[in-house]
Amino acid sequence: MNQFTCVDLFSGAGGLSKGFLDAGYHVVLGVDQDDAALETFRRNHGGAAAMKLDLFDHNNIDKIVDFLEERKIKPDVLMGGPPCQGFSYAGPMDINDKRNFLYLAMVELTKRLNPQAVLLENVLGLLEARGGEGARRIVEDFDKIGYKMVPGLLFAPDYGVPQIRKRVFFVGLRDSERVFSFPEGKLDPEHYVTCEEAISDLPTLQTEDGNILRGEKIQEYRTPPMSDYQKEMRKNSTKVYNHVGSVPIEKTKRMISLVPEGKNYLALPEEYRGMYKYHEALTRYHSKKPSLTINTGHRSHFHYKYNRIPTVRESARLQSFPDDFIFYGNQSQQYKQVGNAVPPMLGEVLAKELEKYLKHGEE
């Protein structure tokens, strides 16, 4: 039986489409503006093409349509995570930020391609800010072209991802009487995958006297997997990639050494607390809990045991990227790719659920 096909807009490194790939879909194309992210996408999605396009300019949508028509590909699913910084709690919450309207490129391409389903991922603020105005815009604009978009809030640890991360997904089916129903989470808080269960098998990057090693770009595993999650992450890999340490400045190393597991700068002695304003500064993960939301490399989160920030590979593990998914670009670009991604495990759960609503040979 033929595979269902999908196209990923605003793909970044391709966490969402990696989940679809793992669920058995054929990932055809990723579109983004970031060269390093596109290189990562190109090398990790089973021969999928990668295209650099500015989707503020809707004339570029013709290039996507032409690419697919030349190859006689009619995508079953159009997916994407258009930036909506104006609805992010990490920013100034400007509802008129022009990036809030990038999703209109997905509306336009949906109109042109007429896929069976559309999946759009975004930040929690889209549902909550200004009475959910952003979410209403998306639902109404897709409804005009025949897609009933259903929003759902997924909490990553419920689905086996070792990270506290909430993301909003909209799933729409073409001219269908059926309405997509989001899958239930499979884990309760007592059984969430923890930081320790996710990354404790990776090389420590520590010397015996406690100094931090940068480590080689490609390393050997030094221990067997110590949890089911680690076995899953390692099953297609024989080496460790993207596991290079960052040595903090002495002041930071000294300060983080004073922070207990699971605490942040507020746990410092009183004379030091005033040095920090950012609410997540010097946050040390807890070994027995999932991590906080992986950021794009702000250097504010630290290993639960060692006095350093997590490596790109450790952050990727906490995002549920398997070890054979290799990130390209410089270290800063790699952190950004990991932090911006949808956890592949969430993508896979959605892909498997969506498959129940798709039909083979649909025109």
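# Aromatic pairs, helices and loops in a predicted model

The structure holds nine aromatic pairs, where rings of Phe, Tyr and Trp (its six-membered ring) pair if their centres lie within 6.5 Å, and planes under 30 degrees apart count as stacked, over 60 as edge-to-face and the rest as tilted. The rings of Phe20 and Tyr25 have planes at 70 degrees and centres 4.8 Å apart, so this pair is edge-to-face. The model is a predicted one, in which local features need pLDDT of at least 70 and side-chain atom pairs count only at pLDDT 80 or more, while totals for chains, interfaces and linings use all residues. Residues are numbered from 1 along each chain as its sequence is written, and side-chain values use heavy atoms, with hydrogens and water left out.

Both Phe20 and Tyr25 are buried, a term that stands for under 20% relative accessible area, with exposed meaning over 50% and partly exposed in between (1.4 Å probe, protein chains only). Ring pairs also bring in Phe4, which forms a cluster with Phe20 and Tyr25. Elsewhere, the rings of Phe180 and Phe182 lie with their centres 5.0 Å apart and their planes at 90 degrees, so they too make an edge-to-face pair. Phe180 is buried, with a relative accessible area of 4%, and Phe182 counts as buried at 16% relative accessibility.

A ring may also have a charge over it, which requires NZ of Lys or CZ of Arg within 6 Å of the ring centre and within 35 degrees of the ring normal. The charged end of Arg43 sits over the ring of Tyr328, 4.3 Å from the ring centre. For Lys166, the charged end sits over the ring of Phe155, at 6.0 Å from its centre.

The description now turns to the helices. Helices (H or I, at least four residues) and strands (E, at least two) are DSSP runs, numbered from the N terminus. Helix α2 covers residues 35–43, and its buried residues are Ala36, Ala37, Leu38, Thr40 and Phe41. These buried residues pack against β1 (5–9), α1 (15–22), β2 (26–32), β3 (49–52) and α12, contact being defined as heavy atoms within 4.5 Å.

Helix α3 (residues 61–70) and helix α4 (residues 103–113) pack with their axes 10 Å apart, at an angle of about 35 degrees. Here axes are lines fitted to C-alpha atoms, for helices over the stretch in contact, and angles run from 0 to 180 degrees between N-to-C directions. The contact involves Ile61, Asp62, Ile64, Val65 and Leu68 on the α3 side, and Ala105, Glu108, Leu109, Arg112 and Leu113 on the α4 side.

Several loop residues complete the account. Ser320 lies between α11 (312–318) and α12 (331–340) and is buried, with a relative accessible area of 3%. A polar atom of the Ser320 side chain lies 3.0 Å from the backbone nitrogen of Met345. Not counting residues up to four places away in sequence, Ser320 touches Val161, Tyr229, Met233, Pro343, Pro344 and Met345.

Ser227 is placed in the loop between β8 and α8 (228–234) and counts as buried at 13% relative accessibility. Its side chain has a polar atom 2.6 Å from the backbone oxygen of Glu197. The C-alpha atoms of Ser227 and Pro82 are separated by 35 Å, the two residues being 145 residues apart along the chain.

Val247, in the loop between β9 (240–241) and α9 (250–256), counts as partly exposed at 48% relative accessibility. With residues up to four places away in sequence not counted, Val247 touches Ile212 and Arg214.

Two leucines have positive phi values. Leu205, in the loop between α7 (195–199) and β8 (218–219), has a positive phi of about 60 degrees although it is not a glycine. Leu205 counts as buried at 3% relative accessibility. Leu282, in the loop between α10 (270–273) and β10 (283–284), has a phi near 50 degrees, a positive value in a residue other than glycine. Leu282 counts as buried at 4% relative accessibility.

Key:
A polar contact is a pair of N or O atoms within 3.5 Å; within protein, one must be able to donate a hydrogen and the other to accept it, and residues adjacent in sequence count only if both atoms are side-chain atoms.
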